[in-house]
Amino acid sequence: MEIVHIDMDMFFAAVEIHDNPELKGKPLIIGALPHERGVVATCSYEAREFGVRSAMSIKEAWRRCPHGVYMHPNGHKYVEASRQIHKIWDCYTDMAQYISLDEGFLDVTGSVKLFGGAEKIGREIKRRVWEETGLTCSVGIGYSMMSAKLASEEKKPDGFFQILTPEALRELIVDRGVRVIYGVGPQTEAELSKFGIRTVRDIYNNRDTMIRCLGNQGKHILDLADGIDNRIIAASAQTQSLGKEITFQQDKTDREYLKDVLRLIARELSFQIRLEGTFVRTVTLKVTFKDMKKITRSRSGGATNKADEIYHTAAALLNKVERRPIRLVGISLSGFSEGEVKQLSLFDDPKSVEESDKLDEVTIKLQRKYGLDIVKSGSEMMAEKRLDADRKETHLSRRHSCD
């Protein structure tokens with residue numbers, strides 16, 4: 001196989017810097033604001049020099065980098081940038097697996113004769129992404145998914161690297177920590193550490209221990225450490241899930257307020273999947289209570305990309321959740337498909353359905369050109385007003401408490 005792995009550099013931050021060049025060179029942190037609950041979504045390399053990292057609590061980020069520029073994420077802007085990037089990638093193969101908005105694997109084995117080899121394709125993609133979007137990416141070329149992923153990480157940012165054989169992979173990683181192996185997370189790392197296995201070299205020197213202690217997982221880790229990775233990229237594979245969540249500055253019990261939040265989340269997620277031309281079958285509600293207990297509730301049905309249908313499903317799931325203070329609420333979408341699956345009832349008017357579909361096409365064209373906020377329903381506008389009023393009230397109460 002000839003695999004290309006592409007990873008956009010500090011994607012959210014890069015999009016913001018592209019749109020506002022005055023941010024260039026500054027420690028930019030995207031996520032929550034310093035006075036809010038929340039975490040870092042991403043940050044610029046200047047912020048990383050102060051130890052700021054993705055998923056770090058915003059309070060810790062502020063402690064490390066109080067002079068940074070803090071911004072809320074601008075979801076629809078990143079989705080549109082991602083759509084442009086994926087459009088470029090899709091020119092070279094239909095064997096693509098997108099891990100997120102800004103990362104993906106391309107199997108170009110069948111495209112080599114047409115475009116001149118994986119290296120040429122990788123360099124062409126780097127050039128086009130920069131020229132057509134003004135953003136940089138790191139590209140890795142490999143003989144497998146793991147080798148391509150490791151290669152893209154080797155020269156970040158704006159890098160290009162190749163790992164073309166299992167021997168080259170083993171030589172590169174032999175003295176690195178076990179976390180360099182795909183699928184080895186903190187728990188497996190801690191378990192291996194109990195047996196003195198901390199580096200890839202230790203894995204090689206303790207093969208029997210790996211199998212005895214971890215069984216099939218140990219065998220799989222050994223294979224990957226040896227450069228054996230037989231995973232296959234499925235044609236037009238979709239992201240497994242897509243979600244968004246909101247952390248409240250004050251815990252909420254008002255169910256109508258929570259439903260307003262779900263309505264706006266559904267609207268944004270719907271916009272994202274409609275841009276991609278995809279549909280989902282499963283809606284999952286995510287809730288974190290005041291005591292940090294987390295729950296999820298899911299419901300599957302016909303494939304849809306309509307905001308109203310996603311919202312009503314999430315709201316129905318919320319109705320079944322116990323009533324106590326909620327710290328965070330969110331929606332996750334999964335079960336992606338390329339077509340809508342819906343059965344008309346005896347009471348549905350086919351003409352009305354057709355008109356609704358035409359209106360939806362016009363709406364997405366306007367939103368794609370002018371942004372998500374160009375078209376809003378009355379219920380969405382009311383939800384935004386309630387949330388804005390709550391934010392102002394919260395900010396005012398914080399000011400008074402500080403005074």
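**Figure 1. Strand β6 is covered on both of its faces.** On one side of β6 lie E103, F105 and D107, on the other G104 and L106, and all of them are buried (under 20% relative accessible area, with exposed meaning over 50% and partly exposed in between, for a 1.4 Å probe and protein chains only). Because five of the five residues of β6 (residues 103-107) are buried, this strand is largely enclosed by the rest of the structure. Strands here are DSSP runs of E with at least two residues, helices are runs of H or I with at least four residues, and both are numbered from the N terminus. The model is predicted: local features need pLDDT of at least 70 and side-chain atom pairs count only at pLDDT 80 or more, while totals for chains, interfaces and linings use all residues. Residues are numbered from 1 along each chain as its sequence is written, and side-chain values use heavy atoms, with hydrogens and water left out.

Figure 2. β5 and β6 form a hairpin with two residues between them. Their pairing is antiparallel, over four bridges; two strands pair if DSSP finds at least two bridges between them.

**Figure 3. An open sheet contains five strands.** The order of the strands is β5-β6-β1-β7-β8, with mixed pairing. β5 (96-100) and β8 (160-163) each have a single partner strand, so these edge strands are left without a neighbour on one side. From one strand to the next, the twist averages 15° (axes are lines fitted to C-alpha atoms, for helices over the stretch in contact, and angles run from 0 to 180 degrees between N-to-C directions). Strands β1 (residues 3-8) and β7 (residues 137-142) run antiparallel and are joined by six bridges. In β7, G142 is the bridge partner of I3.

Figure 4. The order is β3-β2-β4, and the pairing is mixed. β3 (40-43) and β4 (69-71) stand at the edges with a single partner strand each, so one side of each lacks a neighbour in the sheet. Strand β2 (residues 28-31) runs parallel to β4 and is joined to it by three bridges; the partner of I30 in β4 is M71. Helix α1 (residues 11-19) lies across β2, β3 and β4 and runs at about 115° to β2.

**Figure 5. Helices α7 and α8 pack against each other.** Their axes are 11 Å apart and the packing angle is about 50°. This angle makes α7 oblique to α8 (angles under 35 degrees count as roughly parallel, over 145 as roughly antiparallel, 65 to 115 as roughly perpendicular and the rest as oblique). M146, S147, L150 and E154 of α7 make the contact with L169, L172 and I173 of α8, where contact means heavy atoms within 4.5 Å.

**Figure 6. Helix α12 has buried residues along one face.** In α12 (residues 216-225), the buried residues are G218, I221, L222, L224 and A225. Seen down the helix axis, they fall within an arc of 165°, so they line one face of α12; the arc is that of the directions from the helix axis to the C-beta atoms. Their cover includes α7 (145-154), α8 (166-173), α9 (186-193), α10 (200-205) and α11 (207-214). G227, which follows α12, has a positive phi, near 90°.
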